[in-house]
Every structure is written in structure tokens, then in C-alpha cells.
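Have the 3D view open and follow along.

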Amino acid sequence: MTKPPRKPSKPLLRDDAPIRSRPRRQRDPAQPNLPFDPMPDRVEPCLAQLKTRPPKGDDWVYEIKWDGYRLSVHVEPTRIRILTRGGHDWTDRFPAIQQAALWLPVGTAVLDGEAVVLDEQGRSDFGLLQQSLGGRGGKKSSSDAVFMAFDLLYFDGHDLRNSELDMRRHLLEDLVPAGEQGDIRLSEQIEADGDQLLASACEHRLEGIIAKRRDAPYRSGRLGDWLKIKCVQSDSFFIVGYERSTAARRQIASLLLAARKDDGLVYVGSVGTGFKESNVSELRDMMDTITRKTPPLRYTGARKNVVWLQPTLIAEIEYRAWTDDGKLRHASYKGLREVQDNAAVYEIV
């Protein structure tokens, strides 16, 4: 049995009537000769380029930027598969999304979207998502995560990647109607002035907005068909060390961070805020297994009580800007990225 629909989220997501489960539509045996496209085993995702301002013109449509794990949901004839951005099978990590996919009224499909956990205001919260999965490297499954679907790449035997976005969205909205509050929901498109929408998103303390070219096909990679405009910067960095706290045993005063540059790493500053008590304990357990005697990069700082680490842990860091000497300004820790999420560490060019 499917679980009953979750209560609607508050302000930011519409609270229309709850979702009603519908049986999957079967193929019509009277049409055996329709030309079907082979179903892709996996699709490299289309990625958004970071821009400082929204684009202008009627060629662009907008969505809210969700802060979670990028996933693709594959509805296949005999099973459901949920794949991470890096191609890892996480079907068992998202049982509620898997169950919701079983009830989609379609024979075969590939949906592109983001798994998120919403706070009381309906905002996606990366930290809550990580907690629901048991932290980085955890094996828990999340019943709190919902899948915000924003694209449809394959539908009932037809590969849609060469179709323009407007066509793909038209089919997606038939499959996942706007306003439904199940475990698979529609990331709704917004017809608005980009600057005004960004201002509204920032006022509501959202991460930002996504702009998509409405006539573009679905192209894997970061090619400029999709753009992301953030209210607050958020990127992934290596944790290369930590400064012990002098106030309490096993506490962390700050994490030392690094970005990629050419073939090496460069120090970009530290972060000492944003930790929850459970974060600190989990972090220390992981960091204690990857200590090293020397820094993994060139470091000229004067911090004391530093423990250096192998650069294997990747932290998601929120920050306001960069200083003139290449350090993060007003950094705050959001959580650890999963290896399976294939998170791209920030690269200085």
C-alpha cells in the first residue's frame, strides 16, 4: 500500500487538493508497430551555468532553485530506478519517491529533478535532507524527501531530449500536474521578469532561481541552456584541515577549506559557523580517520591547533563574496556532499 499523502507544505508551495493515486497506463496492444526509441540506461544531466543576473527576453522561463540532490527517476517496464547525478543507484534510499513513481500514469519515463526536504515554510533545506539520509556516508533511507520534477527526458517509448523545453514541459505537466502534494511534485515554471523574481526569491530566503531557454533541447553538460542565479553563493570545497576548539574537547573551532586550481589545491579560508551538534560529532569521527602530518597544500596562515587532513571530504559552503586575497567572506557550513552525488569542487580559473 502506498502511504497517505503528506500534508501540504506552507506558503511557498501550493496547497491544492491532495494527490490521488492513479494506475500506470498500459500500452495499447493494437499498436505494436509504433516506432519506439530505446530507453537510455542513464542520462548525463544538463547543468546550469552560474550567472550574477537573470537573462532578459521572452526566450527564457524561470523556476525556483532547489537545494538538494540531483536525481533521475527511471520508470521502466518492470521496475523503478532512482539514479544520482554520478550514476549511482539510490532507489533504496528514497522509498517514498520510488512508490510515487510506481503510480505515475505512464508505461516508461525518465524524469529529471531534485530530491529535497522542505522546512516549515516550504523551502528546501540541504541540511535536513542530509539528516534524513543519515549524514554523509550514511545508509538510511529518507521518507521525508520529495522529488521536485523539472524535466521529462523519455516518455512512453519516445526519447524527448531533442524536443524543445516547452514540449517536454507540456508532457511533464500532464504526468505530474501542478499543485499536487505527493512525493513527486512539479517544479513549476514561472512567467515573470527575472530581476523581480530573483528579488522575491531572495526576500523569501530561497537559494535563487533557474533560467531555462524555452526552445532548447536537453543537452548534457554545462552549455548555457540553463542558468542559475543565486541569492547567496553556495559551492563545494575540500576540507583540508580543522582547528581544534580550546573551549571543549572534540569540538571544532573551524574547518580549513580548499578549491581546485590547475592540478593542485589552493587554500580559500575557513568556516566556523553553521554546525549543529550532530554535525560536529559526525565530522570528528570521519576526520579522525584521515589525518596527516603535513598540509596537503601551500599554507602560510598563523592558525594554531590545526589538524591536517587528506582532501577527501567535500563540504557545501554558503558565502557572501570573495575577499581581494581570494578567501571566502561570511562563510557558513551547510553539510557534507556525498561521493555518489558527484559534486564538483569549486575550481579557480
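Thr291 stands opposite Leu309 in β15. That pair belongs to a link between strand β14 (residues 291-292) and β15, which run antiparallel and are joined by two bridges. On this model, which is a predicted one, local features need pLDDT of at least 70 and side-chain atom pairs count only at pLDDT 80 or more, while totals for chains, interfaces and linings use all residues. Residues are numbered from 1 along each chain as its sequence is written, and side-chain values use heavy atoms, with hydrogens and water left out.

β15 (residues 306-309) also goes with strand β11 (residues 233-244): three bridges join them, and they run antiparallel. Here Gly241 has Trp308 of β15 as its bridge partner. For two strands to pair, DSSP has to find at least two bridges between them. Strands of a sheet pair through backbone hydrogen bonds, either parallel or antiparallel.

Now zoom out a bit. The protein has five helices and 19 strands; these are DSSP runs numbered from the N terminus, helices being H or I with at least four residues and strands being E with at least two. Of the 349 residues in the protein, 49% are buried. Buried means under 20% relative accessible area, exposed means over 50%, and partly exposed is in between, using a 1.4 Å probe and protein chains only. Take the contacts (heavy atoms within 4.5 Å) with a separation of 6 or more: residues 24 or more positions apart account for 70% of them.

Next, an open sheet. Four strands form it in the order β1-β10-β9-β2, with mixed pairing. Its edge strands are β1 (49-51) and β2, each of which pairs on one side only. From one strand to the next, the twist averages 30°. β1 and β10 pair in the parallel sense over three bridges, and Gln49 stands opposite Leu227 in β10. Helix α4 packs on this sheet, touching β2, β9 and β10, and its direction makes about 150° with that of β9. Those angles run from 0 to 180 degrees between N-to-C directions, with axes being lines fitted to C-alpha atoms, for helices over the stretch in contact.

Which residues of α4 are buried? They are Gly194, Leu197, Leu198 and Ala201. Seen down the axis of α4, they fall within an arc of 100°, so they line one face of the helix; the arc is that of the directions from the helix axis to the C-beta atoms. These buried residues pack against β2, β9 and β10, while Gln196 and Glu203 on the other side of α4 are exposed. An α-helix has 3.6 residues a turn, so residues three or four places apart point the same way.

Helix α3 (residues 165-175) has buried residues too: Leu165, Arg168, Arg169, Leu171, Leu172 and Leu175. Down the axis of α3 they fall within an arc of 165°, so they line one face of the helix. Their packing partners are β2 (60-64), β5 (109-116), β6 (146-155), β8 (184-186) and β9 (208-213).

| Residue | Relative accessibility | Class |
|---|---|---|
| Cys202 | 32% | partly exposed |
| Cys231 | 23% | partly exposed |
| Cys46 | 2% | buried |
| Lys65 | 14% | buried |

Finally, look at Lys65, in the loop between β2 and β3 (69-75). Leaving aside neighbours within four places in sequence, Lys65 is in contact with Ser124, Glu207, Gly208, Ile209, Ile210, Lys228 and Lys230. The C-alpha atoms of Lys65 and Lys228 are separated by 7.5 Å, although the two are 163 residues apart along the chain.
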